[in-house]
Amino acid sequence: MVMHPTISMWTLVFVCISKFLFVISSHVPDSRFGSTVTKKYGRISSEEYILTPEQIESFHKEGCCVIPDVMIEEEVMEIEKVFNRFLNRSIHVPGKDFCDMSKPFDTPFEDWSIVNYMLPTLYYPPLRDNNVYERIA
C-alpha cells in the first residue's frame with residue numbers, strides 16, 4: 001500500500017522538526033489574516049513560529065512535540081503539488097534517496113508502505129527558497 005503524498009510530506013515535517021530555532025517568546029503582530037492581535041507563541045508571522053515552553057520541554061524529553069497550525073492549508077497545498085511530482089516520479093530521485101526505509105531496498109514500489117523522498121531540495125532546488133516550510137523551519 002502506498003501512502004498519500006501528504007502523509008509523506010508530514011513525515012518530512014516531523015523529521016525536520018529539529019531544524020526549528022527554539023525562541024522562548026516574542027511579541028510580533030499576527031498579520032496573516034489582517035489581524036493586529038499580538039501573539040506570543042505559535043505562528044506569529046508568515047516567516048516565524050515560536051514554540052511554547054511546554055513544546056520545548058516536550059521536545060527535550062520525548063524528542064518531538066506537537067506544533068499546531070505551523071502551516072495553513074494553502075501553504076500545504078503548494079508543497080503538496082511538488083511532492084506529488086516526486087511521487088509520480090516526474091522529479092527524478094535516484095537510488096536509495098527514493099525508498100521505503102521500513103522495508104528492504106529491493107521491495108517493489110507498489111509494495112511500499114511509506115514513500116520516502118530523501119533530500120527533496122537537492123533534487124528540486126526551487127524548494128530550497130520558495131516554500132514556507134523551509135523559511136520557518
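Asn116 is buried in this predicted model, with a relative accessible area of 17%; buried means under 20% relative accessible area, exposed over 50% and partly exposed in between, with a 1.4 Å probe and protein chains only. The residue lies in strand S6 (residues 116-117). Helices (H or I, at least four residues) and strands (E, at least two) are DSSP runs, numbered from the N terminus. Leaving out residues up to four places away in sequence, Asn116 touches Asp97, Phe98, Cys99 and Met101, where contact means heavy atoms within 4.5 Å. This is a predicted model, in which local features need pLDDT of at least 70 and side-chain atom pairs count only at pLDDT 80 or more, while totals for chains, interfaces and linings use all residues. Residues are numbered from 1 along each chain as its sequence is written, and side-chain values use heavy atoms, with hydrogens and water left out.

Turning to the whole chain, 6 helices and 6 strands are found, following the order α-β-β-β-β-α-α-β-β-α-α-α along the sequence. Of its 137 residues, 36% count as buried. Among contacts between residues at least 6 apart in sequence, 51% join residues at least 24 apart.

The largest nonpolar core holds 25 residues, among which Met71, Phe86 and Tyr117 touch the most other members. Such a core is a set of buried Ala, Val, Leu, Ile, Met, Phe, Trp, Tyr and Cys residues joined through side-chain atoms within 4.5 Å. Two or more residues each are given to this core by helix H2 (53-62), helix H3 (73-87) and helix H6 (132-136), and the largest share, 6 residues, comes from H3. Beyond its neighbours within four places in sequence, Phe86 has contacts that include Ile91, Val93, Phe98 and Tyr117. Pro120, Tyr123, Tyr124 and Leu127 are also in contact with Phe86.

Gln55, Ile56 and Phe59 are buried in H2. These residues lie on the same side of H2, because they cover an arc of only 100 degrees around the axis, the arc being that of the directions from the helix axis to the C-beta atoms. On the other side of H2, Glu54, Lys61 and Glu62 are exposed. Strand S4 is included in what covers the buried residues of H2. Just after the helix, Gly63 takes a positive phi of about 85 degrees.

Strand S4 (residues 48-50) in turn pairs with strand S3 (residues 42-45) in the antiparallel sense over 3 bridges; two strands pair if DSSP finds at least two bridges between them. A hairpin of 2 residues joins S3 to S4, and Ser45 has Glu48 in S4 as its bridge partner.
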